Amino acid sequence: MSKKKKPPTSRRSDIQHIFQCYASDHDNRLTASALLTFLHREQVEVSANQETAEALIDRYEVDESARAEINMTFDGFLRLMESKDCCVLDQTHTRVYQDMSQPLCHYFISSSHNTYLTGDQLVGKSHLDAYISVLRRGCRCLEIDCWDGPDTEPIVYHGYTLTSKILFKDVIATVQEYAFMASPYPIILSLENHCSHGQQEVMAHYLTSILGDMLLDTGLTVDVQGDLPSPDELKYKVLIKNKKLNSAPQLELESRGSEANADGEAGVEESDEEEDADEEEEEMPAKRSKKKKKKKVVVAQALSDLVIYTKSVKFISFVHSRDNQQFYENTSFAEKKAKKLVKNSGAEFVLHNVRCLSRVYPAGSRTLSSNFNPQEFWNAGIQLVALNFQSLGLPMDLNNGRFQDNGGSGYVLKPHFLRSGESSFDPNAFKYNLRPAHLLLKVISGSNLPSSRTGKALDPFVRVEIHGVVSDCCRKQTDAVKHNALSPRWDAAMNFTIEVPELALVRFSVRDQTGLLKSEFVGQYTLPFTSMRKGYRWVPLLSREGYSLDPSSLFIYAWYS
């Protein structure tokens with residue numbers, strides 16, 4: 001009786017063990033039927049069939065004789081287990097799969113703050129490449145700070161600072177060229193408008209002449225019963241977010257079933273960030289004192305006419321908004337004010353965001369372009385959580401993880417309890433009338449981890465973090481493995497109970513233990529819990545900048561109920 005041949009034990013013994021459980025004793029290969037059993041039993045891929053297994057063999061098997069016999073060797077199995085077909089991220093979610101016919105306010109929308117900056121908020125460089133970068137990453141809400149420039153040419157920069165300046169017309173030309181390369185869904189240009197009447201007219205001219213048919217300059221004729229249009233209805237369109245004159249032509253309200261809101265402040269041009277400056281007066285007194293000297297400017301008719309579904313209005317209270325704010329009006333909040341509202345009036349904030357768009361932006365005191373944690377604002381259903389995309393770290397990792405969902409389109413449908421007008425969801429509650437998830441994670445091993453910056457051997461460990469509602473936020477970690485970046489083995493099991501799985505993100509962070517209480521970043525990967533696949537899964541690692549560290553990866557087992 002011949003003995004079963006085993007692959008060399010030096011290569012991925014963790015994956016070899018799985019392979020041996022299903023391989024034939026005769027020739028140490030997987031038949032298509034055995035591979036299908038593995039897919040059903042371990043990977044919980046219930047829709048897989050014989051054709052699926054045969055296609056995987058054809059795709060990953062390198063041995064011609066095995067492929068001809070529709071068998072898979074260990075080399076082929078290893079290639080499969082380190083591929084997108086075995087990725088922890090559900091690959092159906094790398095395409096647009098969600099309902100895109102709901103109102104804009106029913107989606108989280110990828111949003112950038114002071115998009116033009118490539119560095120800090122005081123002396124950083126303004127550059128068109130910053131717009132190109134965020135557009136290529138699927139960002140759908142861009143900010144443009146507009147100021148009077150020489151020769152009647154509006155300029156873009158961070159006012160009252162030493163940041164460099166670029167031309168408004170060049171920004172719009174860049175948007176026109178790159179707007180829909182990553183996603184066909186609508187872009188919102190959030191204007192921080194500080195320009196004189198004359199230069200606002202120049203801005204309006206550039207918007208219409210450069211963007212052409214891309215620019216949404218009139219209301220849609222479809223009947224949406226007083227709701228914002230959907231991403232599907234606004235495909236390949238650019239929307240202007242700005243103040244609007246009351247006397248300006250309104251939406252086609254007959255088909256909308258709504259009346260224009262009489263707002264005494266409408267058309268008075270004071271930027272969103274100036275409106276909230278009082279809350280940051282102690283943090284930025286110099287900037288605040290200068291702003292006090294600035295006269296308010298009435299928005300030019302030509303620019304006002306371009307504001308259709310994203311009219312900016314000042315937030316007064318949730319009661320005032322419920323009684324007066326129209327579906328096409330939106331409000332912006334500095335992070336400090338938004339935090340306070342989420343904490344003290346979370347349920348009201350959720351209901352407000354069922355009907356209207358809200359935007360949150362970083363505090364003016366974040367002069368180094370640092371970011372807040374966006375998760376606490378997503379928990380309240382805020383759609384436009386604006387971050388400094390040029391800054392690295394946890395907040396942008398979470399943002400990238402959130403918006404890799406739904407095909408990287410920049411639009412992610414909010415959970416049902418953040419879209420219902422009858423919702424009683426409170427992000428601050430300790431108990432939720434929702435079905436919790438129980439997650440078992442086993443961090444098995446790593447492969448080809450990048451070397452440390454100092455060149456010393458890594459002592460890697462893996463930290464698994466859950467980001468969601470307050471009661472779900474937690475982290476657990478493996479022990480460090482000494483001096484092994486090539487093939488560290490942890491075999492560490494972790495259990496999590498997630499009360500609101502629809503909002504949760506899971507972040508895998510690999511770190512190098514550099515001291516008793518010190519560690520350094522090696523790589524990470526973040527994804528929505530609802531996009532996580534069960535079974536033995538490959539976790540590709542990303543750099544601090546968000547680039548692939550291939551072939552660096554983790555190998556895990558995931559199960560949840």
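How are α3 and α5 oriented to each other?

1. Basis of the note. This is a predicted model, in which local features need pLDDT of at least 70 and side-chain atom pairs count only at pLDDT 80 or more, while totals for chains, interfaces and linings use all residues. Residues are numbered from 1 along each chain as its sequence is written, and side-chain values use heavy atoms, with hydrogens and water left out.

2. Helices α3 and α5. Helices and strands are DSSP runs numbered from the N terminus (helices H or I, at least four residues; strands E, at least two). Helix α3 (residues 50-60) packs against helix α5 (residues 74-81) at an angle of about 100°, and their axes are 9 Å apart. Axes here are lines fitted to C-alpha atoms, for helices over the stretch in contact, and angles run from 0 to 180 degrees between N-to-C directions. The two helices, α3 and α5, are therefore roughly perpendicular to each other; angles under 35 degrees count as roughly parallel, over 145 as roughly antiparallel, 65 to 115 as roughly perpendicular and the rest as oblique.

3. The contact of α3 with α5. On the α3 side the residues are L56, R59 and Y60, which meet G76, R79 and L80 in α5; contact means heavy atoms within 4.5 Å. By class, three residues of this contact are nonpolar, one is polar and two are charged. For these classes, Ala, Val, Leu, Ile, Met, Phe, Trp, Tyr, Cys and Pro count as nonpolar, Asp, Glu, Lys and Arg as charged, and the others, Gly among them, as polar.

4. Buried means under 20% relative accessible area, exposed over 50%, and partly exposed in between (1.4 Å probe, protein chains only). The buried residues of α5 are F74, G76, F77, L78, L80 and M81. In helix α3 lies D58, which is exposed, with a relative accessible area of 54%.

5. Helices α2 and α3. The axes of α2 and α3 cross at roughly 110° and come within 9 Å, and these helices are therefore roughly perpendicular to each other. From α2 the contact involves A32, S33, L35, L36 and L39, and from α3 it involves Q50, T52, A53, E54, L56 and I57. Seven nonpolar, three polar and one charged residues make up the contact of α2 with α3.

6. Aromatic pairs. The whole structure holds 22 aromatic pairs. One of them is F38 with F77, an edge-to-face pair at 5.3 Å centre to centre with 70° between the planes. Rings of Phe, Tyr and Trp (its six-membered ring) pair if their centres lie within 6.5 Å; planes under 30 degrees apart count as stacked, over 60 as edge-to-face and the rest as tilted. This pair links distant parts of the chain, with F38 in helix α2 (residues 32-41) and F77 in helix α5, 39 residues apart. Both F38 and F77 are buried. The rings of Y536 and F555 have centres 6.0 Å apart and planes at 15°, so this pair is stacked. Y536 belongs to strand β22 (residues 535-542) and F555 to strand β23 (residues 548-560), and both Y536 and F555 are buried. Ring pairs also link F19, Y22, F38, F74 and F77 into a cluster.

7. Strands. Strand β20 (residues 505-513) runs antiparallel to β21, and nine bridges join them; two strands pair if DSSP finds at least two bridges between them. A hairpin of five residues connects β20 to β21, and R511 stands opposite F521 in β21. Eight of the 10 residues of strand β21 (residues 519-528) are buried, so β21 is largely enclosed by the rest of the structure. Strand β7 (residues 187-193) is joined to β8 by four bridges and runs parallel to β8. In strand β8 (residues 238-241), V238 and I240 on one side and L239 and K241 on the other are all buried.

8. Backbone geometry for checking. Most residues other than glycine have a negative phi, and most peptide bonds are trans. The peptide bond from D550 to P551 is cis, with omega near 15°, and P551 is found in strand β23. D151, although not a glycine, has a positive phi of about 55°; D151 is exposed, with a relative accessible area of 71%. H483 likewise has a positive phi, of about 50°, and is not a glycine; H483 is exposed, with a relative accessible area of 59%.
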